[in-house]
Amino acid sequence: HDARTSAHDQCWAKISAYISSHAADEWRFQWNTRMEDSGLRLGPARIRIPNGQGGTDLKAPGALTPDGIAISERSKQILLLEFRRTARRELSALEEAWQRKREKYLPLAQSLRFYTDTG
């Protein structure tokens, strides 16, 4: 697990540096920031997060920490950035990982509509 985390962090460091150095000036970035510490207003929502013991815990979206958040106040857009490596090489492994991330972050995306609608 530690080797995978280290590999993820090394890859993500290069990718995130590239993203921020090539993005338009209107975008500001936050890296590895808990949503509740991001300064964004979140609407009400609850999400199920795996608890590492085979079950899930019900939490507020503010408890999530995406790899990155890109914010454009000018265009009122927020991008949640997630980097995912899979141990398996099959396309199905990537599709499964995408689906898990989508399920995890969809309530947060819905909660962020409060910010873009009112912000």
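Author: Ile 69 has Leu 80 in strand 5 as its bridge partner. This is a predicted model, where local features need pLDDT of at least 70, side-chain atom pairs count only at pLDDT 80 or more, and totals for chains, interfaces and linings use all residues. Residues are numbered from 1 along each chain as its sequence is written, and side-chain values use heavy atoms, with hydrogens and water left out.

Reader: What makes strand 4 and strand 5 a pair?

Author: Two strands pair if DSSP finds at least two bridges between them. Strand 4 and strand 5 are joined by five bridges and run antiparallel, so they pass the cut-off of at least two. Strands themselves are DSSP runs of E, at least two residues, and helices are runs of H or I, at least four, both numbered from the N terminus.

Reader: Why do strand 1 and strand 5 count as edges?

Author: The open sheet has three strands in the order 1-4-5, paired antiparallel. Strand 1 and strand 5 each have a single partner strand, so one side of each has no neighbour in the sheet. On average, neighbouring strands here are turned by 15 degrees against each other, direction ignored; axes are lines fitted to C-alpha atoms, for helices over the stretch in contact, and angles run from 0 to 180 degrees between N-to-C directions.

Reader: Why is Thr 33 called buried, and why is Lys 76 called partly exposed?

Author: Buried means under 20% relative accessible area, exposed over 50%, and partly exposed in between (1.4 Å probe, protein chains only). Thr 33 has 16%, so it is buried. Lys 76 has 42%, so it is partly exposed. Thr 33 sits in the loop between strand 1 (27-31) and strand 2 (47-50), while Lys 76 is in the loop between strand 4 (68-72) and strand 5 (77-81).

Reader: Which residues does Thr 33 touch?

Author: Leaving aside residues up to four places away in sequence, Thr 33 touches Ser 38, Leu 64, Thr 65, Pro 66 and Ile 69. Contact means heavy atoms within 4.5 Å.

Reader: What classes of residue are in the lining of the second largest pocket?

Author: Seven are nonpolar, none polar and four charged. Ala, Val, Leu, Ile, Met, Phe, Trp, Tyr, Cys and Pro count as nonpolar, Asp, Glu, Lys and Arg as charged, and the others, Gly among them, as polar.
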